[in-house]
Amino acid sequence: MSEWKTWNLQSWNERLLGHFFRSNDERASPVVVLLVTADELARATGNADADADEARDAFVEAVRSGIRRSKSLLEDASDYQGWPGPPRSESPPRFVAHLLFTCIAASESSDELGDEGSFVSRLRDLTQDQLPEHSLQILPRLWKHLVAWLKANEGRFRPLILPNPGGFTRIGYTVKLAFPDRRDQRQLSDLLNRAGLAGHEPPVGRVLSLVGSERSRFRRSFLLAFDEFRRLFESSGGRSAPRLVDHRFWAAVREASLRGRGQAGLSNVAVRLSMLGEEPEDRLALFAVADERTESAVVAFADLPVSYGPWRFAVVPKAAEALDANQLGRIVDATLDGSLRLPKLSSHVDQGLIPFFIGPHGLLELAGPDQLGEVSLALVRREMAADFLRVTGNRASSCRPSCYEGWVQVHDPRLRTLASAELEGTSLSRTWILQKSLNPTSSRLVGGIRADGGWLGVREMLPRVVAPGASALALKGAEGDMSLTNLGDDTWAFPPKDIAGQYAMVIMGDGMEDLRTIRFHAATASESFKSASDPESWIVEEVRGTGTLSSSMPFTDEVRNDDCAPFWERAAFLGQDVGVFVASADLAAWKVVHFAGRFLGACGGLRGDRAPSRQVASPNARRRWRKMLFDSTPDWSDPQFGDARRQVKAGASSQAHLPKLDLEQAAPDLAPPRLASPSDAVGRLVRIVAGRAAARSGIDWSEWSELTQRVLDIDESLQQRVTRAWMEAGLIDLASCARWWHRAVFARLPRLIAFKVGENFGAALSGLALSTTVDEVRRTATRIGILLEDRFSVSPFVPPTLSLRALDRRALEDLASACHVRIQWIDLARLGMEDSSRHDGTSAPPEHYERSTRWLRWSLRLGEYPDVTVEHHMRRDRPDYWLASRAGRRVWFYDFNLARAWAAALLGEPVVNAVGDAFLEAHHAFLPLPIARVLSVLGAGMSGPVDAKYRYAVGSRRLRDFALDIVSRTFDPSRLAVPATEQTTG
């Protein structure tokens with residue numbers, strides 16, 4: 001626990017580099033001052049119980065011991081490969097601890113610094129006379145090299161802005177960075193603590209008032225900086241500007257407030273904390289989270305099954321070992337009632353305002369000053385609610401009681417910062433987050449999706465720019481200049497259009513012009529999706545129950561020899577006589593298949609002479625018979641077809657005089673059904689989902705829902721059906737966490753789903769494929785002689801894909817290898833297996849769930865069906881489940897669609913209906929997912945919502961009946977046992 005006491009110089013160097021300079025994405029402003037105090041060194045150890053003076057002494061001793069080999073602090077610091085140049089960007093600088101050591105000499109004196117000689121004397125004493133005079137010229141160069149290294153590692157580390165060294169050419173950077181000195185640092189921290197500002201973004205008006213009223217507590221150098229800052233602030237009219245936010249007085253205030261040792265009574269937890277939440281069925285459920293695990297005397301940390309951005313651990317009571325709804329609730333309740341005081345969380349509780357925004361992970365997340373404009377829900381102390389609604393001007397906001405005692409929920413509060421004077425005299429006078437502060441100086445991009453060293457340039461997901469003090473922003477690139485729009489609060493929006501390429505972003509304002517380079521990509525470079533770290537812990541729908549993401553149902557990596565031609569091919573069987581069409585290949589003289597806009601011909605099962613001796617009376621049937629036969633390309637599977645057809649074609653002129661056959665014939669239409677063309681928005685959504693999936697494993701359901709509705713411009717009811725269509729097309733998996741109440745969408749990698757077609761092979765491109773991948777498959781297939789056909793959905797909201805027909809398996813394998821996609825095979829046999837699912841719903845349902853709700857409108861038809869009971873059961877630390885029951889028979893599932901299907905079966909009504917030979921239509925429920933995925937490969941197109949219905953383009957009677965047969969056998973109420981009491985009473 002106290003291993004820091006034995007750290008050597010290298011260990012301290014690594015720890016201090018991260019502590020002072022690593023970016024944590026939380027208002028990561030540049031470093032302008034360095035508070036190298038005993039308190040801060042104790043925080044750097046990561047040990048909540050570290051004593052400040054002991055930490056300071058351990059650090060000083062580690063430096064002294066580490067430099068004894070060279071007997072020179074600064075010569076030891078510069079002893080690295082590449083000196084006198086800066087260290088390589090991939091190698092952490094070894095001299096950070098040395099530089100911070102010099103800051104201690106500048107900050108720990110009890111006297112004002114008189115001249116350079118007095119500082120050198122202090123530093124020499126601190127090093128125990130290991131500071132040769134000639135080595136001091138190295139000091140400013142090391143500071144500049146640190147600036148260069150931090151800039152080369154921008155994003156991971158905060159930049160360092162060096163002050164004007166003034167007359168101290170050798171020590172000026174150190175002295176001015178180590179501001180204020182140790183005594184003034186303590187006075188400032190104490191002042192902020194007593195005012196209740198510790199742990200908060202400090203409001204500038206309040207800070208100026210506090211320091212101005214306590215001038216006598218500070219030394220002359222601090223007061224000079226304070227007076228200069230106040231003059232600048234007043235002359236700027238209170239606006240953020242670089243010379244204000246970079247001012248060393250304000251930097252010292254922010255560091256003392258945000259990084260100080262904290263408020264009285266706070267538990268010493270040395271990790272970042274936040275609060276996340278969901279609102280299932282309008283009931284707010286909060287839980288505390290941390291980005292790291294640490295030792296604490298009051299709380300413990302449990303692994304979250306799902307990482308929400310940086311938040312990987314749940315905060316639970318001390319000694320708790322497992323995630324449990326009661327344990328999570330105890331932490332939140334204790335924090336809200338003040339009996340448990342945690343850094344950051346309790347500061348919001350003290351202010352009486354706990355705001356939440358929708359985080360990039362899709363959950364509600366505790367908002368900071370940067371997210372005020374994005375707050376969608378806030379908890380407000382009940383006694384402050386009236387003032388809150390009045391002062392913020394949000395009287396029309398939705399305000400209702402909360403499940404947390406003493407708090408009310410305000411929805412859509414439309415928060416903004418206010419001047420301190422506007423809150424004076426109200427119950428919000430110490431609600432610091434609502435009071436105006438100064439934003440960090442550097443422009444930064446927030447939101448959006450990072451992609452390949454830049455940003456995804458899809459218009460719905462463009463980042464925003466936060467540029468304090470800017471009066472205008474513009475993009476300059478090869479395609480012309482674009483102006484950005486000011487959204488207020490120093491935030492700017494890019495033009496609402498797709499952007500691609502490298503641009504210079506010009507930021508103008510307050511007499512300055514800043515320039516930075518930004519690159520936008522039309523899409524991610526490839527489908528490098530992050531898979532679930534533990535696929536076994538994610539529940540997905542199967543045919544008779546549920547499985548996990550580790551299952552590939554209904555596909556397999558093993559080659560399957562089931563002939564799918566009867567299901568897949570659009571085939572006509574031509575009789576020997578002109579215009580005659582028969583029912584099967586064994587009765588036919590010719591077999592003609594339509595694929596890729598052409599007819600493919602082969603000989604049928606009829607042996608001997610195929611020359612026609614009669615013709616049917618229907619001219620249309622005769623014309624279609626001749627066109628199919630004479631215009632067809634020989635199929636690869638029948639090398640004899642060309643010669644056999646040539647003999648018949650040679651006698652075509654005499655066929656017009658053949659005797660008529662009195663037989664009614666209708667020529668089959670082999671063309672694929674006319675399905676919907678995808679909307680332009682579909683391609684953008686594919687790129688957005690691919691970008692999200694490349695950045696993290698799983699997209700939270702709420703984020704997926706918001707994305708699909710916004711990008712496709714659809715409402716929630718249609719969004720749920722579009723999601724189903726994407727699942728059935730094999731683009732995504734929707735899974736529920738087995739150890740948590742969380743649903744997430746996982747992008748499926750592109751793959752070829754292959755199957756046997758007589759002597760040939762077919763395949764479909766499945767998975768979430770970018771247009772570059774589709775184009776590569778198209779080019780490669782054409783090059784190696786594989787036929788291609790575009791495949792569409794019944795819905796315009798589903799991306800198109802490709803269907804392929806190859807001579808042999810080797811051709812498909814070559815295609816997969818060249819395009820770097822996986823081959824899987826349709827496993828028709830598994831669809832009918834009784835034990836294909838891990839959970840079939842017939843066991844006893846889980847117990848101890850917190851809430852259950854009956855759903856009368858469970859059916860896709862949206863009517864009420866009270867004869868069947870469908871209950872939704874919820875628990876915060878377990879997945880939801882649904883139970884369907886009637887007349888003593890019951891079945892339960894973690895998947896709602898399976899419960900719907902069983903409810904329909906218990907009602908005695910169909911799950912899906914046939915619509916002619918070519919379509920199926922969802923009635924009470926969707927087809928079980930594996931069956932629907934087989935239809936998406938073998939059918940005439942992909943499923944989806946159309947005209948207030950949900951349809952499957954099966955294309956053929958054989959495939960339709962195959963699916964209906966599995967459904968009828970699966971959802972058969974006779975398979976469910978009736979309890980003995982029910983059997984006795986009838």
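## Phe630 and helix H19

Phe630 belongs to helix H19 (residues 619-630); helices (H or I, at least four residues) and strands (E, at least two) are DSSP runs, numbered from the N terminus. The model is predicted, so local features need pLDDT of at least 70 and side-chain atom pairs count only at pLDDT 80 or more, while totals for chains, interfaces and linings use all residues. Residues are numbered from 1 along each chain as its sequence is written, and side-chain values use heavy atoms, with hydrogens and water left out.

Phe630 counts as buried because its relative accessibility is 13%; buried means under 20% relative accessible area, exposed over 50%, and partly exposed in between (1.4 Å probe, protein chains only). Apart from neighbours within four places in sequence, Phe630 is in contact with Arg645, Val648, Lys649, Ala652 and Gln655, where contact means heavy atoms within 4.5 Å. Ala652 is 22 residues away from Phe630 along the chain, and their C-alpha atoms are separated by 9.8 Å.

## Overall dimensions

The protein has 986 residues, of which 56% are buried. Its secondary structure comes to 30 helices and 45 strands, and its C-alpha trace spans about 120 × 75 × 50 Å along the principal axes. Of the contacts with a separation of 6 or more, 66% are between residues 24 or more positions apart.

## Nonpolar cores

The largest nonpolar core holds 96 residues, and Trp726, Leu768, Ile826, Leu927, Leu938 and Tyr952 touch the most other members. Helix H27 (residues 896-907) supplies the largest share of this core, with ten residues. A nonpolar core is a set of buried Ala, Val, Leu, Ile, Met, Phe, Trp, Tyr and Cys residues joined through side-chain atoms within 4.5 Å.

Not counting residues up to four places away in sequence, Ile826 touches Pro554, Phe555, Arg560, Ile753, Ala754, Phe755, Val934, Val937 and Leu938.

In helix H25 (residues 809-819), the buried residues are Ala811, Leu812, Leu815, Ala816 and Cys819. Seen down the axis, they fall within an arc of 135°, so they line one face of H25; the arc is that of the directions from the helix axis to the C-beta atoms. Arg810 and Ser817 are exposed on the other side of H25. The cover over the buried residues of H25 includes strand E33 (751-757), strand E34 (760-766), helix H24 (771-784), E36 and strand E37 (822-826). His820 follows H25 and has a positive phi, near 60°.

Helix H10 (residues 204-213) has Val204, Val207, Leu208, Leu210 and Val211 as its buried residues. These cover an arc of only 165° around the axis, which puts them on the same side of H10. They pack against helix H9 (182-194), helix H11 (220-235) and helix H13 (248-258).

## His145

His145 is part of helix H7 (residues 138-152) and counts as buried because its relative accessibility is 10%. Leaving out residues up to four places away in sequence, His145 touches Tyr80, Trp83, Pro84, Gly85, Pro86, Pro87 and Phe95.

## Second largest pocket

The second largest pocket contains about 1,100 Å³ of space. On a 1 Å grid over the protein atoms alone, a cavity is a set of points where a 1.4 Å probe fits but cannot get out, and a pocket is an open set with protein on both sides within 12 Å along at least five of seven lines; lining residues have an atom within 4 Å of a point. Grid points are joined across faces, edges and corners, and a volume is the space filled by probe spheres set on the points.

This pocket is lined by 42 residues, with Glu569, Arg570, Ala571, Gly955 and Ser956 nearest its centre. Elements giving two or more residues to the lining include helix H18 (565-568), strand E23 (571-574), strand E36 (801-806) and helix H29 (957-970). The lining divides into 23 nonpolar, seven polar and twelve charged residues; Ala, Val, Leu, Ile, Met, Phe, Trp, Tyr, Cys and Pro count as nonpolar, Asp, Glu, Lys and Arg as charged, and the others, Gly among them, as polar.

## Cavities

Five cavities of 30 Å³ or more are found in the whole structure.
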